[in-house]
Amino acid sequence: MNTAQIICYLIYNIFQTIIICKYADIFLKGGNRRKWLKIGAGIAYYAVNSFGFLVFSSYALNIITNILPMFLYSLLYDDRLYKRVFYVLSVYSMGMILEDFLYIIFSFLFADFDLKIMVLFYVVFNLLFWGIYFVLKKIITNLSDADFRFKHLCPLLLVPICLIFFTQIFAASGFIINKFVIFGFMLGVSLLVFYCFYEIDKSYKSVYREYVLESENQYYKNQLDIIKAADVRASKLRHDYKNHMLALKSYILSDNKAESIRYIDEISGNTEFEKQIVNSKNIVIDSLLNYKLRDYKENNIKLDLNIIVPENLFVSAYDLNIILGNLTDNALTAVKKADKREISISIKYISSALFIRVGNTFDGRLLVKNNGLLTTKEDKINHGLGVDIIKEIIKKYDGEIDIVSEKNHFYNTIILHKK
């Protein structure tokens with residue numbers, strides 16, 4: 001390459017680097033880092049990638065100087081390893097296939113690949129790469145942001161790897177018409193990968209929604225049973241009220257204070273209907289917590305509840321069930337492994353904002369840090385689905401989350417704002 005071609009490539013690679021970095025924002029989550037850090041990482045990626053292309057003539061070294069910096073850039077995001085790998089392989093193979101596909105077309109159209117044609121090639125490539133970015137952004141941002149099971153994502157990860165391998169084989173082929181057909185096929189396969197990605201997400205979104213709705217039905221049924229039991233006991237009390245008063249009157253008239261007190265205690269014990277653990281008058285919160293915490297005495301758990309909310313909240317029942325249900329499940333799972341079992345739940349509505357704080361004791365062992373949410377659950381894959389949806393709901397309400405772990409106490413605090 002002469003000086004003019006090198007300058008042309010370096011300019012082209014600036015735009016390509018920007019696009020590749022932008023792809024990370026739609027493939028990966030948790031990238032709210034400082035702007036200067038992303039810029040610095042992007043410059044480092046550009047420098048390594050350009051150096052590798054201009055200095056090394058080996059396909060293998062060029063692949064390394066592309067893939068390795070991309071993977072290092074993905075570390076700026078708090079996402080799972082296999083999703084980083086999927087981002088790197090998918091974007092790299094897609095860019096490489098598009099570049100080779102355009103090269104074949106330009107080879108048909110132009111006999112001499114001079115500087116002007118080279119500039120035109122780079123411009124067309126960047127425009128198409130940008131176009132694919134906007135299409136994928138539209139698709140992926142409509143997804144539920146749910147994590148997928150690794151066994152389902154594995155075949156999708158293999159597709160970009162195979163595309164990279166076969167692209168290099170056919171790039172060495174001398175049959176242009178064959179390369180044209182093959183690269184077109186590979187481009188179609190790449191688009192099929194993202195379609196599969198989309199369909200899997202829809203499936204998980206549907207399954208998780210059904211799970212939440214089924215859980216809601218259980219919560220409301222439990223709350224209805226409590227209300228029915230209270231009504232039956234209250235009816236019995238009203239039915240026997242006259243007889244109880246006559247018996248108590250006879251003890252009082254006979255000046256039998258001890259027997260009067262005993263009888264009052266007996267009435268209280270026999271007629272005291274099953275109390276609700278939570279009675280905030282908000283049906284969603286009461287139903288969920290009364291169901292989740294129903295066995296707290298049997299499990300020797302000490303509860304500290306402070307719930308002050310209106311009957312109707314700006315947060316939808318679906319969203320509230322997901323957030324409060326997941327946090328309560330996490331607390332119950334962790335506290336059962338601890339020697340000292342304590343759970344504290346505070347829910348308050350203050351100044352158009354809902355504050356949810358769930359704390360618990362635990363055995364001091366945290367297994368994973370999942371996208372900013374700490375957990376003690378061993379089922380990292382299934383748990384990841386709920387975690388990601390919680391983060392999406394928090395974002396929906398312009399909310400915030402704060403996680404604190406100190407000694408053997410663990411606290412999740414979530415703030416949701418009314419728009």
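**Loop residues with positive phi**

I began with Ser352, which sits in the loop between strand E2 (342-350) and strand E3 (353-361); helices (H or I, at least four residues) and strands (E, at least two) are DSSP runs, numbered from the N terminus. Before going further I noted that this is a predicted model, in which local features need pLDDT of at least 70 and side-chain atom pairs count only at pLDDT 80 or more, while totals for chains, interfaces and linings use all residues. I also noted that residues are numbered from 1 along each chain as its sequence is written, and that side-chain values use heavy atoms, with hydrogens and water left out.

Ser352 is not a glycine, yet its phi is positive, at about 60°. I looked up its accessibility and found 38% relative accessibility, which counts as partly exposed; buried means under 20% relative accessible area, exposed over 50%, and partly exposed in between (1.4 Å probe, protein chains only).

I then turned to Asp255, another residue that is not a glycine but has a positive phi of about 60°. Asp255 is placed in the loop between helix H8 (241-253) and helix H9 (257-271), and with a relative accessible area of 67% it is exposed.

Is Leu320 buried or exposed? Leu320, which belongs to helix H11 (residues 317-335), is buried, with a relative accessible area of 2%. Leaving aside neighbours within four places in sequence, I listed its contacts (heavy atoms within 4.5 Å) as Val284, Ile285, Leu313, Val315, Gly325, Leu354 and Ile356. For Ile285 I also looked up the separation from Leu320, which is 35 residues in sequence and 7.9 Å in space, C-alpha to C-alpha.

Next I checked how helix H10 (residues 283-292) packs with H11, and found an angle of about 25° with the axes 10 Å apart. H10 is therefore roughly parallel to H11. For the record, axes are lines fitted to C-alpha atoms, for helices over the stretch in contact, and angles run from 0 to 180 degrees between N-to-C directions; angles under 35 degrees count as roughly parallel, over 145 as roughly antiparallel, 65 to 115 as roughly perpendicular and the rest as oblique. On the H10 side the contact uses Val284, Ile285, Leu288, Leu289 and Lys292, and on the H11 side the residues include Leu320, Leu324 and Leu332. I recorded the residues of this contact as eight nonpolar, three polar and two charged, where Ala, Val, Leu, Ile, Met, Phe, Trp, Tyr, Cys and Pro count as nonpolar, Asp, Glu, Lys and Arg as charged, and the others, Gly among them, as polar.

The axes of helix H1 (residues 3-27) and helix H2 (residues 35-55) come within 10 Å and cross at roughly 135°, so H1 and H2 are oblique to each other. H1 passes H2 in a right-handed crossing. Among the residues that make this contact I noted Ile6, Tyr9 and Asp25 of H1, and Lys38, Tyr45 and Phe53 of H2.

H1 and H4 pack at about 140°, with their axes 10 Å apart, and their crossing is also right-handed. Here Tyr12, Ile20, Tyr23, Ala24 and Phe27 in H1 meet residues of H4 that include Phe86, Tyr87 and Glu99. The contact divides into nine nonpolar, one polar and two charged residues.

Apart from neighbours within four places in sequence, Glu99 is in contact with Tyr12, Phe121 and Phe125.

**Cores and totals**

Which residues touch the most other members of the largest nonpolar core? In this core of 36 residues they are Tyr23, Phe27, Met70, Tyr87, Val91 and Phe129; a nonpolar core is a set of buried Ala, Val, Leu, Ile, Met, Phe, Trp, Tyr and Cys residues joined through side-chain atoms within 4.5 Å. The elements giving two or more residues to it are H1, helix H3 (59-74), helix H4 (81-109) and helix H5 (115-140). Another core, of 33 residues, lies apart from it and has Leu313, Ile322, Ile356 and Val358 among its members.

Finally, I noted twelve helices and seven strands for the protein, and that 42% of its 419 residues count as buried.

Terms used
A crossing is left-handed if the near helix is turned anticlockwise from the far one by less than a right angle, and right-handed if clockwise.
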